[in-house]
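Biologist: I have a model open and would like to go through it with you. Can we take it one piece at a time?

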Amino acid sequence: MAPEENPGTELLLQSFERRFLAARALRSFPWQSLEAKLRDSSDSELLQDILQKHEAVHTEPLDELYEALAETLTAKESTQGHRSYLLPSGDSVTLSESTAIISHGTTGLVTWDAALYLAEWAIENPAAFTHRTVLELGSGAGLTGLAICKMCRPRAYIFSDCHSRVLEQLRGNVLLNGLSLEAEITANLDSPRVTVAQLDWDVATVHQLSAFQPDVVIAADVLYCPEAIVSLVGVLRRLAAYREHQRAPEVYVAFTVRNPETCQLFTTELGRARIRWEVEPRHDQKLFPYEEHLEMAMLNLTL
């Protein structure tokens, strides 16, 4: 059976392709599954098919691809690179990201796994965002928001962060993906109004938050320390205050469960702020490459 006719082989090819485009670490590729497939004589063309896929992406001869790979492996590591994440529509989200976890004094210049998880959930639940105004807290590199803008048709989308370097990268990634910032709005009615806003959770006022008028508030991988948790709950309380006589925004917070005590602190602080929460059921969709052994969770908050 040819590789393209074997569903299992096609999934393996997609796994390699997604990890390759997203510039994931080589150790994260499904090498054991590939080895098992290569032992099967019926899949003898699989390796060639993987190389042809990469060749098609780069539209260069394989010899040049190998030379470029060798240069990359021996060269000094760059501080910035590009990653692409394929969407079900056939479109993609391409991001300029830092190659270091911490850069310029912030962790917001890379895409974290919970952002991928939240983006998958959004694509599976587009009605939560369609024709609505979305405020994202701690947008980082912008993966989640760009996926929502391309797949869920929001009316308006507000990326926000407090770090100047993160905001600069965010603006660049918005433009890189063919979207216009609010100051550069065109007559394209199919695109949402996109804003990149500086928002410091510790000093944001009710008046400042009220200007956003969000219907939905989201955040991903922002529960990294006790101080951040207290600041996040504080800004959520202020979001609830400005909508006192109106319907409060829906809130979704996704995170990787690294330390149970951190998660417990978050739910405790929510209780003190009288913010109700419930766990959102895990979704089955796996569109993006992230560490499979990590435990992901998402809470739906009621302000």
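Biologist: Which residue in β4 is the bridge partner of Leu-135?

Modeller: Leu-135 has Ile-158 as its bridge partner in β4. Keep in mind that this is a predicted model.

Biologist: How many bridges join β3 to β4, and how do the two strands run?

Modeller: There are four bridges between β3, residues 133-137, and β4, and the two strands run parallel. Between them the chain passes through helix α6, residues 143-151, in a β-α-β crossover that is right-handed.

Biologist: And what about β4 and β5, how many bridges there?

Modeller: Six bridges join β4 to β5, which covers residues 193-198, and that pair is parallel as well. Ala-156 has Arg-193 as its bridge partner in β5. Further along, Ser-160 stands opposite Ala-197 in β5.

Biologist: Is β4 buried or exposed?

Modeller: Buried. Six of the six residues of β4, which spans 156-161, are buried, so the strand is largely enclosed by the rest of the structure.

Biologist: Which residues cover which side?

Modeller: Ala-156, Ile-158 and Ser-160 are on one side of β4, and Tyr-157, Phe-159 and Asp-161 are on the other. All of these are buried, so both faces count as covered, given that buried means under 20% relative accessible area.

Biologist: Zooming out, what is the strand order of the sheet?

Modeller: The order is β5-β4-β3-β6-β7-β9-β8, in an open sheet of seven strands with mixed pairing. The edge strands are β5 and β8, the latter at 276-279, and each of them pairs on one side only. On average, neighbouring strands in this sheet are turned by 20 degrees against each other, direction ignored.

Biologist: Which strands does α6 lie across?

Modeller: α6 lies across β3, β4, β5 and β6, where β6 is 216-220. The helix runs at about 175 degrees to β4. Another helix, α7, packs on the sheet too, touching β4 and β5, and its direction makes about 170 degrees with that of β5.

Biologist: Back to α6. How many of its residues are buried?

Modeller: Seven of the nine residues of α6 are buried, so the helix is mostly covered, with under 20% relative accessible area as the cut-off. Among the buried ones are Leu-143, Gly-145, Ile-148 and Cys-149.

Biologist: What follows α6?

Modeller: Arg-153 follows α6, and its phi is positive, near 55 degrees.

Biologist: New topic. Where is Leu-176?

Modeller: Leu-176 is found in helix α7, residues 164-176.

Biologist: Why is Leu-176 called partly exposed?

Modeller: Its relative accessible area is 42%.

Biologist: What is Leu-176 in contact with, leaving aside neighbours within four places in sequence?

Modeller: Leu-176 is in contact with His-82, Thr-94, Leu-95 and Ser-96. Leu-95 is 81 residues from Leu-176 along the chain, and their C-alpha atoms are separated by 7.5 Å.

Biologist: Last thing, the whole protein. How many helices and strands are there?

Modeller: The protein has ten helices and nine strands. Of its 303 residues, 47% are buried. Taking contacts with a separation of 6 or more, 70% are between residues 24 or more positions apart.

Key: Residues are numbered from 1 along each chain as its sequence is written. This is a predicted model: local features need pLDDT of at least 70, side-chain atom pairs count only at pLDDT 80 or more; totals for chains, interfaces and linings use all residues. Side-chain values use heavy atoms; hydrogens and water are left out. Buried means under 20% relative accessible area, exposed over 50%, partly exposed in between (1.4 Å probe, protein chains only). Two strands pair if DSSP finds at least two bridges between them. A crossover is right-handed if, with the strands pointing away from the viewer, the path from the first strand over the helix to the second runs clockwise. Contact means heavy atoms within 4.5 Å. Axes are lines fitted to C-alpha atoms, for helices over the stretch in contact, and angles run from 0 to 180 degrees between N-to-C directions.
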